[in-house]
Amino acid sequence: MKRLSLQWRITLMTVLLIGITCVAMNLLLCSSGVYYMDTIADSLQGGSTVILNEDGAASFDPQLIAPNEELTIVVDGAQGRFRTTNRYITAAVTILSGILAYFVSGRALKPLRSFASQVEQVQLNNLADMKIDEDVLPEFKQLSRSFNQMLERLNNAFAAQRQFTGNAAHELRTPLALMQAQLELFSAEHPDVRPETAEFLLLLREQTERLIQMTRTLLEMSNLRQVARNERIQLAPMIEEIFTDLAPLSDKLGVTLTAEGDGSLTGSDALIYRLIFNLTENAVKYNRPGGSVRVELAQRQEKCIIRVSDTGCGIPEEYQRSIFHPFFRVDKSRSREYGGAGLGLSLVWEIADLHGGSVWVEESSDKGTTIAVELPAGTESDPSGADIT
């Protein structure tokens, strides 16, 4: 049965179902007919007139009938009752056949559901490990082979893209650092330049710094999968450190930073720091003057929830998924003002996905935005190698 194609499976099961239905119909209809015939036979004990109706057979005394007297039998309602009973039998068998057909078709289509569930598990970070088993039904064999080849091509393409991004970012670091050093040196040696020249130099330095930040982020993104993720991280002290690093920016914009709760997880300390830092920095940058940013930590069973809330102008609903795409910016003018390149939230998404978690806009309105991150808490290991939950 395992080697039969899906077409033959459905054909054989349909034939079996029709056969069972026909046998059941014959048995039930025959039993119904025999029952009514037996009812009539039991009522005929002799007599001149016997009336069978819905209330039963009229009784009579056979001794009162003359030997040559004709016997007349009137059957009233038996045919109607027989027809009604057959309708009930047909309806019952049809319903039972439908239920049986539902389970039979589900059994026949089980390989298709299994194939669909395997496809749904394919993610960007597991392309190489999610190949579909090719030892399947004939209808799926070519599909499985083609799907596996597509996964291999995609994995190679993404690997080449990451390698190119990393190489390009690595090669750009040196000339950009040299440009930045030369601009700073020139500005220090020529403090008395004309105002328009000073403004031009300031613009060059800001854009060079922006390029350096972008290259650093691209390099981090290309090297994410090479970072070990086996450190036990306590999040509350990390939040305090992030607040200390962001204090100059928050003081400049008049934004208050607060934190609540605690949590722990297993992962990369540097990457989780970058994830929370980017979310908090974004919340500070795109906040209202005098606003606030709140970071909430919650531990729920085997999950750690991080929520970063601000009091900014909110994110339009049509952009709430796109903000995690590389180089996407909702307000390009404000991104240029703060030197953004649209890679901060993309890096957040990559880090969360790398740790087996997810990130999404939980709430957004003109009163502010809350971005939530859910990460597996993992287990803590002691020096002997035993797991401590």
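Helices (H or I, at least four residues) and strands (E, at least two) are taken as DSSP runs and are numbered from the N terminus. On this basis, Q118 is placed in helix α3, which covers residues 110-120. The structure is a predicted model, in which local features need a pLDDT of at least 70 and side-chain atom pairs count only at pLDDT 80 or more, whereas totals for chains, interfaces and linings use all residues. Residues are numbered from 1 along each chain as its sequence is written, and side-chain values use heavy atoms, with hydrogens and water left out.

Burial is described here by relative accessible area, with buried meaning under 20%, exposed over 50% and partly exposed in between (1.4 Å probe, protein chains only). Q118 counts as partly exposed because its relative accessibility is 25%. The C-alpha atoms of Q118 and D133, which lie 15 residues apart along the chain, are separated by 9.4 Å. In helix α1 (residues 6-43), where L29 has its place, a further pair can be described: the C-alpha atoms of L29 and R87 are 9.9 Å from one another, although 58 residues separate the two along the chain. L29 itself, at 28% relative accessibility, counts as partly exposed.

S309 is located in strand β8 and is buried, with a relative accessible area of 15%; S309 and I371 are 62 residues apart in sequence and 6.5 Å apart in space, C-alpha to C-alpha.

Side chains of opposite charge can pair when their charged atoms come close. With a salt bridge defined as a side-chain nitrogen of Lys or Arg within 4 Å of a carboxyl oxygen of Asp or Glu, a search of the whole structure finds 5 salt bridges. One of these joins E362 and R307, whose closest N and O atoms are 2.8 Å apart. The pair links distant parts of the chain, with E362 in strand β9 and R307 in strand β8, 55 residues apart. E362 counts as partly exposed at 36% relative accessibility, whereas R307 is buried, with a relative accessible area of 18%.

In another salt bridge, the side chains of E296 and R294 meet at 3.2 Å, N to O. E296 is partly exposed, with a relative accessible area of 29%, and R294 is likewise partly exposed, at 32%. E260, R294 and E296 are linked in a network of salt bridges. A salt bridge is also formed between E281 and K285, with the closest N and O atoms 3.8 Å apart. Because E281 and K285 are 4 residues apart in helix α7, they are separated by about one helical turn, and both residues are buried.

Surface patches were assigned from residues with over 30% relative accessible area and no salt bridge, like charges being joined within 9 Å and nonpolar side chains (Val, Leu, Ile, Met, Phe, Trp, Tyr) within 5 Å. For charge, Lys and Arg count as positive and Asp and Glu as negative, while His and the chain ends are not counted; the place of a charge is taken as NZ of Lys, CZ of Arg, CG of Asp or CD of Glu. A patch of negative charge on the surface gathers E231, E241, D245 and D269. Among them, D269 is found in helix α7 (residues 269-285) and is partly exposed, with a relative accessible area of 34%.

A nonpolar patch on the surface is formed by I95, L96, I99, Y102 and F103, which together have about 600 Å² of accessible area, as given by the Shrake-Rupley method with a 1.4 Å probe, where for residues only the protein chains shown count as cover. I99, one of these residues, is found in helix α2 (residues 78-108) and counts as partly exposed at 44% relative accessibility.
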